[in-house]
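Have the structure open as you read, and follow the topics in order.

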Amino acid sequence: MTGALPSHPSEAPLFRPANAPYPPFPGYQGQGQSQGYPPSQGASPGQQSPPQGQGQGQGYLPQRAGYPPSYPVNPQYPSYQGYGSFPPTFAPPPGYNGYAPYPPAAYYPYGPYTWQPPVPKRDPYLLGVGIAALVGSTLVFLAGLGCLGLLALLSIAPRQNTSASSFFASVVLFIVFAITGIVGGSAGLYHSIRQVFFRKPSREFSLPRFWIFVILYLVVLGIAFWLHTQGKDVAYPALTVVLILLAGIFPALAVLALGVRRLHYPRNAPWPTSWRRLTLALISGATLSIVIAGVLEFALGILLVQGHGVDPLICVDQPNAPSCQNPHIYTLLLLMVAVLAPIIEETVKPIAVIVLIGRVRSAAEAFLLGLACGIGFDLIETTGYISSGYNDWLNVALIRTGAGLLHGFGAAMVALGWYYLTHAKKRRLLLAFLCWFYAVLQHALWNGSWGLVLIPGPIGNYFNNASVTLGPFSVPAYEIINIVEALFMLAFFLYMTGRLRTSIPSLPPPDSRSGAPEPGQREVVRT
C-alpha cells in the first residue's frame with residue numbers, strides 16, 4: 001500500500017467522533033463568545049488587556065459572577081504594580097504577651113587564633129650536658145643520703161679511742177657532706193629535669209647586695225665571740241655546728257654577690273648567667289672537684305714521700321717534732337703544700353666551666369661560673385678547717401675569712417683562661433696561661449706563708465711563736481701575710497670585674513627591644 005493516508009479535518013463530513021460531546025455548561029454562550037478569564041481589573045496604566053477573541057481557549061470556564069472582591073490595601077505595605085496587596089495584619093488576642101526570647105547560644109571560650117612560632121631545635125651538646133647533670137645530680141643526692149646514714153651510725157657507735165675534737169670534726173664533716181648531697185642534688189635534679197624533659201628556660205641568676213652577707217657574718221662572729229668569752233665555745237653542739245656552717249657560708253656568698261653585681265653592667269642589661277648553669281658550677285665545685293683534687297693530692301703525695309723515714313704530713317700538725325727538723329723533709333712538705341696543691345686544685349676546680357665552655361656566651365659569664373666553682377670548693381674545705389679547731393674554732397674562722405676570695409677568684413681566673421683559649425682571636429695561648437699562672441701563684445703564696453713556721457732555725461720559731469693582737473683576738477704572725485695578700489686579691493678582683501663588665505656591649509632597655517635580634521646579632525637563649 002503506497003501513498004499517504006488521507007487526513008480529514010474535524011469539520012469534515014466523514015469525521016465521526018468516538019464519543020458524544022459533553023453537554024454545554026449552564027450560561028455557556030456558544031462560539032464567538034469570549035471564553036476564559038476576563039481581563040484583570042487592576043491592570044496598571046499603560047497595560048492593555050488582550051482583545052476579545054484573542055487568546056481564547058476551548059474548555060476554559062468563564063469567571064462566575066458573585067466572586068468576592070479583594071481585600072482592601074494595607075497602608076503599611078504598598079502593593080506592587082500589577083499585584084494585589086497583602087492581607088491585613090491581625091492584632092494578638094487580649095492577654096497575650098508573646099513568646100519570651102530564646103537565650104543566646106552557648107559557645108566555647110576560644111580566643112582568636114594566634115600564630116605560634118616554630119619550636120627551635122634542641123642543641124645536642126646542651127642536651128647531653130643536661131642528661132649528664134641529671135645522672136650526676138642523682139648520684140650526689142644518693143651520696144647525701146648515704147652520708148646521712150653514716151652520720152646516724154657515727155652518733156651511736158662507741159668512741160673509746162677517739163678524742164672529742166676528732167669526733168666533733170668528723171660529725172661536722174658528715175653533716176656538711178649530707179647537706180651538700182641532699183640540697184645540692186635536689187637543686188641539680190630540679191634544673192636538669194626542667195631542661196631535659198620539659199625544655200623550660202632558666203631564670204637569670206642574681207643575688208642581694210654583698211654587704212647583707214657581710215652583716216650576717218658579723219652577727220655570727222658576735223654570737224661566737226660571746227660564747228667564747230663565756231667559755232662555752234662547744235657547750236651547745238647543735239648551736240656550734242650551725243655557727244660553723246654559717247661562718248663558712250656567709251663570707252663565700254659575700255664574694256659571689258660582689259662578683260655578680262660587679263659583672264651586671266649596665267643595669268638594664270641581662271645578668272651574666274642563669275640559675276641552672278650556676279647551680280651546676282656550684283655543685284660540681286663542692287663535689288666532683290673536691291673528690292678529684294683529693295685523690296690526685298693523695299696519690300702524688302704518696303709518690304713524693306716514698307723512701308723517706310717520716311711522713312711529711314705529720315709535720316703539718318707537729319712542726320717541732322725532731323724528725324721534722326730535717327731540711328729535706330721541709331722541702332718535700334713545702335713542695336706538697338705550696339706547689340703541688342695549688343697546681344692540682346686550681347686546675348680541677350672549674351671543671352664544670354670546661355664542660356660548658358663551648359656554649360659560654362661571654363667572658364663575664366665564664367668568670368662568674370668559675371667563681372661559683374671555687375665558692376663550692378671553699379664551702380667544703382673551710383667548714384672542715386673550722387670544725388677541726390674545736391675550742392678554738394672562732395680563731396680558725398677568722399683566719400679562713402679570705403679563703404672564699406682565694407678559691408673563688410682563682411677558679412674564676414682559670415675559667416677565664418679557658419674562655420680565652422676557645423674564643424679569643426689572637427694570643428689565646430698566652431692569655432690562657434697567664435690566667436692559670438696567676439691563680440696558681442696567689443694560691444702558692446697563700447699556702448707558702450703558712451710554710452714559714454716550718455723553716456728550721458730561728459726564722460721558723462719566730463713565725464711559729466710570734467702573734468699579733470687585734471682587739472680581743474691573737475693572730476699568728478704569718479697570718480699578717482695572708483691579710484695583706486687578701487687585700488691585694490680584693491683590689492685585683494675589683495679591677496678584673498670592672499674590666500670584664502666594660503667589655504660587654506650596652507643593650508637598650510627590655511621594653512624598647514624588639515623580639516627579633518638585630519642584623520648580625522646572635523639570639524641569646526637562656527639554658
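**A bridge to start with**

In this predicted model, D123 and R359 form a salt bridge whose closest N and O atoms are 2.6 Å apart. D123 sits in the segment before helix 1 and R359 in the loop between helix 9 and helix 10, so this pair ties together parts that are 236 residues apart in sequence. The points below go on from there, topic by topic.

**The two ends of that bridge**

- The search of the whole structure finds five salt bridges.
- One of them joins E365 to R277, with 3.0 Å between the closest N and O atoms. This pair links distant parts of the chain, as E365 belongs to helix 10 and R277 to helix 5, 88 residues apart.
- Both E365 and R277 are buried.
- R361 forms a salt bridge with E365 too, and here the closest N and O atoms are 3.2 Å apart. Through shared partners, the salt bridges join R277, R361 and E365 into one network.

- Helix 5 covers residues 275-286, which makes 12 residues.
- From its first C-alpha to its last, helix 5 reaches 16 Å, close to the 16 Å expected at 1.5 Å a residue.
- Why can helix 5 be called largely enclosed by the rest of the structure? Nine of its 12 residues are buried, and that is the reason for the description.
- The buried residues of helix 5 are R276, R277, L278, T279, A281, I283, S284, G285 and A286.
- Which helices do these buried residues pack against? Their partners are helix 1 (124-156), helix 2 (164-196), helix 6 (288-305), helix 9 (351-356) and helix 10 (363-389).

**Aromatic rings**

- The whole structure contains 13 aromatic pairs. One of them is F433 with W436: the ring centres are 6.1 Å apart and the planes stand at 40°, so the pair is tilted.
- F433 and W436 both lie in helix 13 (residues 428-450), three residues apart, or about one turn of the helix.
- F433 counts as partly exposed at 45% relative accessibility, and W436 counts as partly exposed at 26%. F433 also pairs with F437: their ring centres are 5.9 Å apart and their planes are at 20°, so this pair is stacked.
- F433 and F437 are four residues apart in helix 13, again about one turn of the helix.
- F437 is likewise partly exposed, with 42% relative accessibility.
- Elsewhere, ring pairs link F367, F409, Y438, F488, F492, F493 and Y495 into a cluster.

**Cysteines**

- How many disulfides does the model contain? The count comes to zero.
- C147 is buried, with a relative accessible area of 14%.
- C435 counts as buried as well, at 7% relative accessibility.

**A methionine in helix 8**

- M336 lies in helix 8, which spans residues 327-348.
- With a relative accessible area of 10%, M336 is buried, because the cut-off for that class is under 20%.
- M336 and L304 are 32 residues apart along the chain, and their C-alpha atoms are separated by 8.4 Å.

**The whole protein**

- The protein has 15 helices and two strands.
- It is made up of 527 residues, of which 37% count as buried.
- Among contacts with a separation of 6 or more, 79% are between residues 24 or more positions apart.
- The accessible surface comes to about 33000 Å², and 66% of this belongs to carbon and sulfur atoms.

Conventions: Residues are numbered from 1 along each chain as its sequence is written. This is a predicted model: local features need pLDDT of at least 70, side-chain atom pairs count only at pLDDT 80 or more; totals for chains, interfaces and linings use all residues. Side-chain values use heavy atoms; hydrogens and water are left out. The expected span of a helix is 1.5 Å times one less than its number of residues. Buried means under 20% relative accessible area, exposed over 50%, partly exposed in between (1.4 Å probe, protein chains only). Contact means heavy atoms within 4.5 Å. Accessible areas come from the Shrake-Rupley method with a 1.4 Å probe; for residues, only the protein chains shown count as cover. A disulfide is a pair of cysteine sulfur atoms within 2.5 Å. A salt bridge is a side-chain nitrogen of Lys or Arg within 4 Å of a carboxyl oxygen of Asp or Glu. Rings of Phe, Tyr and Trp (its six-membered ring) pair if their centres lie within 6.5 Å; planes under 30 degrees apart count as stacked, over 60 as edge-to-face and the rest as tilted.
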